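Please look at the model first.

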Amino acid sequence: MSQQVDTLIIGQGICGTFLSFQLEKAGVTHLVIDEARPFTASRIAAGLINPVTGRRLVTTWMIDELLVSAREAYGRLSDTLGSPFLTETSVTDFFPTAQMRLAFLDRIAEDALWLQLPADEVRWNAFFHYELGYGTISPCYLVDMQGLLNAARQRLKRKGSLLEQQFKKEELQISPDHVQYGDLRARRVIFCDGIDSCTSPWFSKLPFAPNKGEVLIVDIPGLKGLGGGENSIFKKGISLAPWQEGLYWVGSSYEWSYATETPTTAFREKTELLLKNWVKLPFKTIDHLASVRPATLERRPFVGFHPLYPQVGILNGMGTKGCSLAPYFARQLTEHITTGSPIRPDADVRRFTRLLSR
Ligand SMILES: Cc1cc2nc3c(=O)[nH]c(=O)nc-3n(C[C@H](O)[C@H](O)[C@H](O)COP(=O)(O)OP(=O)(O)OC[C@H]3O[C@@H](n4cnc5c(N)ncnc54)[C@H](O)[C@@H]3O)c2cc1C
């Protein structure tokens, strides 16, 4: 029997999840197609929203708007799903080098909005080696990505709005006023398929710059519940963030060039050594994960509709910042669909009209 919806969403990572949520709020009928892959970017992300970025601790692009939108969107999603997924936290940033310490102090002198120096320099002495001191970055936010994706998936299933299968792009038929996929007919399809869009017949020409990340999942029994809350994040070159079941996420790598998308022994050995030289407590590696971030050359997302196929859309290219960018741009794309309001020009995929029209 044929089924008809307004919008087909391909992918239920953080982008597809927020798009489905926003469309539902706007009364746009939709169906999500997602094959349950265990190691997608969204599923292995730490879930950190950090207001400063890079070695020079520069304020993140659009951070004020992104934080307002993230608090609102995660709050509403939590109300709907019946569980909190966003917590306020801070990053304890142990300086790995004298230059990094200097960069932190220089940045505080310029703009102290997100950065603080501690009153108590020895606070972490029993747990970490940090000869060069530390600063804190706050407020930051931590998203429980696994919890959120699982709860949203269960809800989509209950509502009959999820098809758990692989979407075969070659089977999509595009007509001027609709798309057809097997028995499914929709007014539009929106690809939230992460790294898979790099090889898409419609979007592969976009300047994607896939970036691999590896992480270790470790157990550090002595660290549980520290720092005035279980959500504290620690950093010394690499980050140590709370993961599920009281474990810690350690990572990650940022690799523009890689021979394999799977975990490597080199990363594991290097990271375990870094951890041994940093954490004074015994730890045990429980798991080792890898995935590829859908990053872009100009570090801006890809949002909107194909210039030649206006029934084919995309919400992608979130790079290292899916947790804060996805809620904001899912809402902007939904408003664009329902009211015709514009998408930010520096995120709108039509900035690549010439490239996509070749
Ligand atoms: C190691 C690592 C750490 C990270 N840490 C953070 C962090 O702390 N904070 C932050 O903001 N960001 C972080 N990121 C980046 C973040 O994970 C990404 O920006 C974001 O998850 C991208 O989400 P997405 O929905 O676009 O893609 P994905 O998460 O890749 O989701 C795509 C979905 O589409 C599905 N799919 C694809 N093709 C098909 C098909 N043909 N048929 C059916 N289903 C399909 C996949 O199964 C998947 O569920 C991290 C990334 C990595 C790799």
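A backbone N or O atom of Cys323 sits 2.9 Å from an oxygen atom of the ligand. The protein covers 96% of the 1,000 Å² of accessible area that the ligand has on its own (Shrake-Rupley method, 1.4 Å probe). Thr320 places a polar backbone atom 3.0 Å from a nitrogen atom of the ligand. A polar contact is a pair of N or O atoms within 3.5 Å.

This is a predicted model, in which local features need pLDDT of at least 70, side-chain atom pairs count only at pLDDT 80 or more, and totals for chains, interfaces and linings use all residues. Residues are numbered from 1 along each chain as its sequence is written, and side-chain values use heavy atoms, without hydrogens and water.

## The shell

The ligand is surrounded by 35 residues (a heavy atom within 4 Å). Asp34, Ser42, Leu48, Phe167 and Gly319 are the closest. By class, 14 are nonpolar, 14 polar and seven charged; Gly counts as polar, and Asp, Glu, Lys and Arg as charged.

Four elements each supply at least two shell residues: α1 (14-25), α2 (41-44), β13 (211-219) and α7 (322-339). α2 gives the most, with three. Elements are DSSP runs: helices H or I of at least four residues, strands E of at least two.

## A helix pair

Helix α3 (residues 63-81) packs against helix α5 (residues 145-158) at about 55 degrees, with axes 10 Å apart. Axes are lines fitted to C-alpha atoms over the stretch in contact, with angles from 0 to 180 degrees between N-to-C directions.

Definitions and conventions
A polar contact is a pair of N or O atoms within 3.5 Å; within protein, one must be able to donate a hydrogen and the other to accept it, and residues adjacent in sequence count only if both atoms are side-chain atoms.
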